[in-house]
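Here are a few exercises to work through with the model open beside you. Try each task before you read its solution.

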Amino acid sequence: MGGGRTITDPQQAAQELSRRIDRAKSVVFFGGAGVSTASGIPDFRSEDGLYHQKFKYPPETMLGHDFFMTHTEEFYDFYRNRMIALDAKPNQAHLKLAQLEEQGKLTAVVTQNIDGLHQKAGSKRVYELHGSVHRNICQKCGAVYSAEWIMGTEGVPHCEKCGGLVKPDVVLYGESLDEGTLIGAAKAIASCDMLIIGGTSLVVYPAAGLVQYFNGSDLVIVNKQPTPQDSAADLVCACDIAKAFDF
Ligand code: ZN
């Protein structure tokens, strides 16, 4: 594999992607932040003008395990403001991927996003490497609370059943990824014959590592900006991800 061509025209990319998916036996999609930003969800790791008016610390500090433990109230202020986006809607990439799974073509979605938009679109087998804002877990009794429930609380949320501290089921800096999720993702990638990587620059751990498990015949990258893996890809679609899945 590798040495493929690059398509920049979105319509042409969609045609070529569709043709290759038709030809494939089983497809896995590996997605990053670009899949969510195409739904209008701002990347919560980025800083903008409003950010500095509201928060005293950079995102990488606020998303740390230590910060959660020591500045829990400020963490939740950030979490409610920047990480939960309840009115976001799945875009064409989410919808097409759900449809391909329904048709038996796509076996799994592996995602670095925590917004649950793949499930909202109808995807069933989703490996959420970094967890999900839709699960918030009592550290004492294990009760699970929704993102809506969190949005209805103020300050530091405590369990309704036992009073324990509720923590998002989101992987913070300094925390390790869930092993079962990682193994499931690696197995899915190892057993497909077409891997589509979308909306990620592939530099963030564990993206680059997981891609090494791919043993199939067609590696496609859909990303506006170049990635370090482009030269290994059979096809690069350097265009908007939602448009590339518009077929
Ligand atoms: Zn509890």
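**Exercise 1.** Work out whether Cys162 and Cys138 are buried, exposed or partly exposed.

*Solution.* Start with Cys162: its relative accessibility is 29%, so it counts as partly exposed. The cut-offs are under 20% relative accessible area for buried and over 50% for exposed, with partly exposed in between (1.4 Å probe, protein chains only). Now Cys138: at a relative accessible area of 2%, this one is buried.

A word on the source: this is a predicted model, where local features need pLDDT of at least 70, side-chain atom pairs count only at pLDDT 80 or more, and totals for chains, interfaces and linings use all residues. Residues are numbered from 1 along each chain as its sequence is written, and side-chain values use heavy atoms, leaving out hydrogens and water.

**Exercise 2.** Find the donors of the zinc ion and name their arrangement.

*Solution.* First, list the donors (N, O and S atoms within 2.8 Å of the metal, or 3.2 Å for Na, K and Ca; water is not among the atoms, so sites may look incomplete). They are the SG atoms of Cys138, Cys141, Cys159 and Cys162, at 2.3 Å. Next, check the angles: the 4 donor atoms subtend 97 to 115 degrees, so the arrangement is tetrahedral. For four donors, that label requires all angles to lie between 85 and 135 degrees.

Terms used
Four donors count as tetrahedral if all angles lie between 85 and 135 degrees; four count as square planar and six as octahedral if opposite donors are over 155 degrees apart and all others between 65 and 115; anything else is irregular.
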